[in-house]
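Let's take a friendly walk through the sheets of this model. Have the sequence and the coordinates open as you read.

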Amino acid sequence: MALLVSFFVDLLIALITLGVLLALYMKQCHTYWQRRGVPTLPGHWLFGNIKDVVMQKNSAGMVIGELHNQASEDDDVLGIYILHKPYLLIRSPELIKQILVKDFNNFPDRFFTARSFRDKIGSSNLFTIQNPEWRYLRTKITPVFTSGKMKRVCELIAETSDCMSKYLEAEFSHGTKTKVLPMKEIAMKYTTDIISSVAFGIKVNSFDSDKTKFYDQAQEGVRLTLYRSIRLTIMFFFPKIAPYLGGQFLGSSTNYFRQVFWDSFHSREKSNIKRGDLIDSLIDLKSGEQEKQLKFEGDVLVSQAAIFFVAGRESSVTTISMSLYELAKNPTIQKRAREEIREKLAQHGMTYEGIQSMKYLQQIMSETLRLYPPAPLLDRVAVNDYKIPGTDIVIEKGTPIYVALCGIHRDPRYFPDPLRYDPDRFSDENKDNIKACTYMPFGEGPRICIGARLGTLQSAMGIIPVLKDYEVSLDPTYKGRYVDGRNIFIVPEEGFRLKLTKL
């Protein structure tokens, strides 16, 4: 008995000692920025400034955005801590431009990584790869997203938009006047059909209940489990650990999408018919001159289709869903948007020119992206020591840099009454007053989102079928959060729904 007591006493002493050592270590880590003269904010002794993220009370993008707005107005930079690691939050538009644009060569790479020893598809895409491979790949793929190509893609989107209209009509076909519908799911089916064509070169109809295999596989492949949520967080904040975690970018659907890609790829190769889409660019990439380190073959090619499919789908779902959510709360704005949509459709039909003429709808999407940027953190990492111009602050090589879009987009210095939903901020009369590098939903600089034109176009054409025929309002029975607090990205909560009334 005495030996057992002695063992537990020794164990308790050891645990207390380890706890004290950990606390002292974390305290020392949390003085990194103070020792360099960089302003900081109080944080948790263990979790640093992201306690609410760890506890899943709020998304990382929202939490870090709140840190941006808690800092002093005069602070161009803010030192923050994620667990023990120091990160630098850039708050000044001038400094943001300096780092993302003018001194891009010092910050060419993202800190985030999806590198994995077992998953080439997640490791090799345009979003995550580093220079010089990134620049080479970007050059090859850019022609897919020119304005001229978007005019041709508009015809495909119009077909999908029509399928969405018919789906909604069927929901009201039995004389129902008002109905609560799962708007995130409807938006997901719509974007799946468009992006499957752009990314994989195939045509699917997710609104047809007999043809949902592709959609079902997509949903399963990117389903946010607890493990996937943790893994995604580690990829963003501790990327050196990420390669050891296992897992696959497309989850259990990896083999399915790999087969879909290669079937389309080889079919296009044999037909020798050029459509100017992503598959054609990847065929040219495979047969062209290879870059030094990354060979553009096998799963590296699949990786490009995969990232465009996932990112293109999710970002537009957020824009469509949150635009409808805000319009449901603001019926006057909704009515004005509907009147414009009906007027322009009567003049131009569902054409590229017609969509571009819907200026108020464009303003609505801009205001939605201001409040709900799908990728709320712009991240870079210093590839060498960098002295911030006009200061004595040196950003050491390897230091992660963040721009918090939920912070700067909601900064009252640049957007008065920032939480108010006001599309007129982006009117022709006002948009020139928006300061450079204070509104960046697609990023900024050479790494700006390559698919911004496509994302904007398909989002607009996904909102139109709803607004032109239905009044949108909130569902009073819905008790969930509208934004998923578990996700690094800003996405609507699963089960997100709204009430539609047939006009």
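Leu181 has a bridge partner in β9, namely Leu498. This is a predicted model, so to speak of pairing here is to speak of strands between which DSSP finds at least two bridges. β3 and β9, the latter covering residues 498-502, run antiparallel to each other and are joined over four bridges.

Those two strands belong to an open sheet of three, ordered β3-β9-β8, with antiparallel pairing. At its edges lie β3 (178-181) and β8 (470-473), each of which pairs on one side only. From one strand to the next, the twist averages 30°. Helix α18, residues 452-469, packs on this sheet and touches β8 and β9; the direction of α18 makes about 100° with that of β8.

Now for the other sheet: it is open too, has four strands in the order β1-β2-β7-β4, and its pairing is mixed. Here the edge strands are β1 (77-82) and β4 (377-381), and each pairs on one side only. Neighbouring strands are turned by 30° against each other on average, with direction ignored.

Within this sheet, β2 (residues 85-90) pairs with β7 (residues 400-404) in the parallel sense, over two bridges. Where does Leu89 find its bridge partner in β7? The partner is Tyr402. Helix α4 packs on the sheet as well, touching β1, β2, β4 and β7.

| α18 | 452-469 | β8 and β9 | about 100° with β8 |

How values were computed: Residues are numbered from 1 along each chain as its sequence is written. This is a predicted model: local features need pLDDT of at least 70, side-chain atom pairs count only at pLDDT 80 or more; totals for chains, interfaces and linings use all residues. Side-chain values use heavy atoms; hydrogens and water are left out. Axes are lines fitted to C-alpha atoms, for helices over the stretch in contact, and angles run from 0 to 180 degrees between N-to-C directions. Contact means heavy atoms within 4.5 Å.
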